[in-house]
Amino acid sequence: MAEPDFEVRLARGDADLRAAQGVRYRVFVEELGGGGGLVDHEFGLERDRFDPFCDHMLLIDRSKGPDQVVGVYRLMRHGQAEDAGSFYSESEYDLAPLKASGRRLLELGRSCLLNEYRGGAAMHHLWRGLGAYVDAHDIEIMFGVASFHGTDVEALAQPLSLLHHNHLAPEELRARARVFQPMDLLPEAAIDRRAAIVQVPALIKAYLRLGGVVGEGAFVDHVFNTTDVCLIMDTSRMNMQRARLYYGREAAP
């Protein structure tokens, strides 16, 4: 098998967007059992009404072909959300504190890699592309929903309680779940930290290492078969050493 030859760029047209939606279909629909009203099962496309308003960051493996998309990130800035009528995550979370902050916002969404590219360098390439995008648009707050697989909240009591007790966002940035599922299902003293961390998805752990925090309450998404949390990252407070690792850029001391 040839070594991957990665390129990261934004989608340039309809063909790129369909390629991104195809990767999302393989991950979110075929692998994780998600759905949605605009999912195209005939052509294998996971899509929604927000796609036309967003930037779509593509991870391409050029060893498989010049347009072979193997990972994606969907990016929506505040102005794009205004054109769309809302951010995607506003259906799940009240974002009033973030929107009232007056700071430049970027919603991250639909992040996924094909299975064979997980656990290696692929995600770092996507994050470096994201870092360049953040710099180019002077983004101050990044946020978005991140998911645990499944909707059995009791089975997720350990990791959800860990997030609530140890990583809750400051009040001035604390988005709140609209259909509120408490996350403090266990008192802090009852958490088995090792067991809880094992259950936290790799992407959420990566955000936490960068200094990410979570909003108040989880949202149980029965359409996508997930339990979601709202992750928030203040770029001015990010762990700069980790930022250099993930984003591959120099950061101010």
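**Calls and cut-offs in a predicted model**

Student: Which residues does Glu7 touch, not counting those up to four places away in sequence?

Tutor: Arg12, Leu58, Leu59, Ile60 and Arg62. They're called contacts because heavy atoms lie within 4.5 Å. This is a predicted model, where local features need pLDDT of at least 70, side-chain atom pairs count only at pLDDT 80 or more, and totals for chains, interfaces and linings use all residues. Residues are numbered from 1 along each chain as its sequence is written, and side-chain values use heavy atoms, with hydrogens and water left out.

Student: Where in the secondary structure is Glu7 found?

Tutor: In strand 1, residues 6-10. Strands are DSSP runs of E with at least two residues, helices are runs of H or I with at least four, and both are numbered from the N terminus. The protein comes to 8 helices and 10 strands.

Student: Why is Arg24 called buried?

Tutor: Its relative accessible area is 1%. Buried means under 20%, exposed means over 50%, and partly exposed is in between (1.4 Å probe, protein chains only), so Arg24 falls in the buried class. By that cut-off, 51% of the 253 residues count as buried.

Student: And what joins the side chains of Arg24 and Asp51?

Tutor: A polar contact of 3.0 Å. The term covers a pair of N or O atoms within 3.5 Å; within protein, one must be able to donate a hydrogen and the other to accept it, and residues adjacent in sequence count only if both atoms are side-chain atoms. Arg24 sits in helix 1, residues 14-31, and among the residues it touches are Glu46, Asp48, His56 and Arg110.

Student: How do you know that helix 5 is mostly covered?

Tutor: Count the buried residues: 8 of its 11, over residues 157-167. They include Leu160, Leu162, Leu163 and His167.

Student: What do those buried residues of helix 5 pack against?

Tutor: Strand 6 (141-149), helix 6 (193-199), helix 7 (202-209), strand 8 (213-214) and strand 10 (226-234).
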